[in-house]
Amino acid sequence: MKLMLLVIDVGNTNIVFGVYKDQELLYDWRIATDKDRTSDEYGLLFEQIFKYHGLCPKDVENVIISSVVPTLMHTLPAMSIKYFNIDPIVVGPGVKTGMNIKYDNPREVGADRIVNAVAAYEKYGGPLIIVDFGTAITFCAISKEGDYLGGVITPGIKISSEALFLRTAKLPKVEISRPEKVIAKNTINSIQSGLVYGYIGMVDYIIERMIEEMKDNGKVETVIATGGFSSLIASESKYINKIDKMLTLEGLRIIYERNK
C-alpha cells in the first residue's frame, strides 16, 4: 500500500475523502463536516477509519485538500502535518489547475467547482455542464477549449426542505424522496413532490438556458451530475446524461499530478 495519495474534499455538510494508488481509487469515505472539531479530533478520526480498513497513515505519501469552509482551512492542513507528516497541497491561488478561469474575479470561484471542472474536462472533454448537488447546487459551464466560463448557484434541496420546516408552523420535516405522482394526496407527499419535482424543473430550465448561451462554443452533449442528491434528480432530468459521484476526488488527483 506504499505511495498512496490522500484526497480530501471539504464541503459545508460533508467531508468526502479517499486514497488513491496511482490512478486507482482504493477507498472513499464520507463524514459530517464539523467546523468546531480540532485538528487532533480529525486526526484521530482519520486514523480510526484507516485502521478499520487495514491502512496505515505512514502509507500515505502525499495529501491534497480542497475546502469551501474557511474555518477548516487551517484545521485539516494542521491535521495532515501532525498525523501524516505531510504538508498538503491546498487547492487555491498559486496551485496549477490547467484551467483558464473566465470569472470577473477568479478567486471567488469555490475550490470544489474548479476541481469538478478539471476532472470533467479531463474525462469527458468539452463543451460541457456540471451540476453538483451539494449543500448548494452549483452549475458550471466549461468551454470546448477547457475554459471555465462561469455558472449558477442555488440553494440545495436539503436547505429548502429545512427552511420549509423551520419557517412554517405546521409543515413537518420530511425524508427527501421522489413520490410516484406530482399530485399528492397527503402533506408529506405534497412536500416531497414540491421539493423533488420542483428541483427537477429548476435544474432542467437552468441547463436549457446554459446550453442556449453556450451554443456559439459548440453543441453541449455532456451534462454531468455529481454530489449527494445527483441520482435523485438526474434520473428525471431531460438533460443530465452522466452521473459521476467521485468527480471531485478524481479532480483532486488530477490537480495533484499537475503540481507534484
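Predicted model: local features only at pLDDT ≥ 70, side-chain atom pairs only at ≥ 80, totals over all residues.

Biologist: Let us begin with helix 1: how far apart are its end C-alpha atoms?

Modeller: Helices (H or I, at least four residues) and strands (E, at least two) are DSSP runs, numbered from the N terminus. Helix 1 covers residues 39-52, which makes 14 residues. The expected span is 1.5 Å times one less than the number of residues. That gives 20 Å for helix 1, and the distance between its end C-alpha atoms agrees: 20 Å.

Biologist: Which residues of helix 1 are buried, and which exposed residues are on the face turned away from them?

Modeller: Buried means under 20% relative accessible area, exposed over 50%, and partly exposed in between (1.4 Å probe, protein chains only). The buried ones are Tyr42, Gly43, Phe46, Ile49 and Phe50. They lie on the same side of helix 1, because they cover an arc of only 130 degrees around the axis, taken from the directions from the helix axis to the C-beta atoms. The face turned away from that buried side carries the exposed residues Gln48, Lys51 and Tyr52.

Biologist: What is the strand order in the open sheet of five strands?

Modeller: Two strands pair if DSSP finds at least two bridges between them. Strand 3 and strand 5 (89-90) are the edge strands, each pairing on one side only. Strand 4 and strand 5 run parallel and are joined by two bridges. With mixed pairing, the order is 3-2-1-4-5.

Biologist: At what angle to strand 1 does helix 7 run?

Modeller: Axes are lines fitted to C-alpha atoms, for helices over the stretch in contact (heavy atoms within 4.5 Å), and angles run from 0 to 180 degrees between N-to-C directions. Helix 7, residues 247-259, lies across strand 1, strand 2, strand 3, strand 4 and strand 5. Its angle to strand 1 is about 125 degrees.

Biologist: Is strand 6 largely enclosed or open, and how many of its residues are buried?

Modeller: Leu128, Ile130 and Asp132 point one way from strand 6, while Ile129, Val131 and Phe133 point the other way, and all are buried. Strand 6 is therefore largely enclosed by the rest of the structure, with the buried residues numbering six of the six.

Biologist: Which residue of strand 7 stands opposite Ile130?

Modeller: Strand 6 and strand 7 (residues 136-142) pair in the antiparallel sense over six bridges. They form a hairpin with two residues between them. Opposite Ile130 stands Cys140.

Biologist: How many disulfides are found in the whole structure?

Modeller: A disulfide is a pair of cysteine sulfur atoms within 2.5 Å. Cys140 counts as buried at 2% relative accessibility, and Cys56 is partly exposed at 32%. The number of disulfides found in the whole structure is zero.

Conventions:
Residues numbered from 1 in each chain as written. Heavy atoms only, no water.
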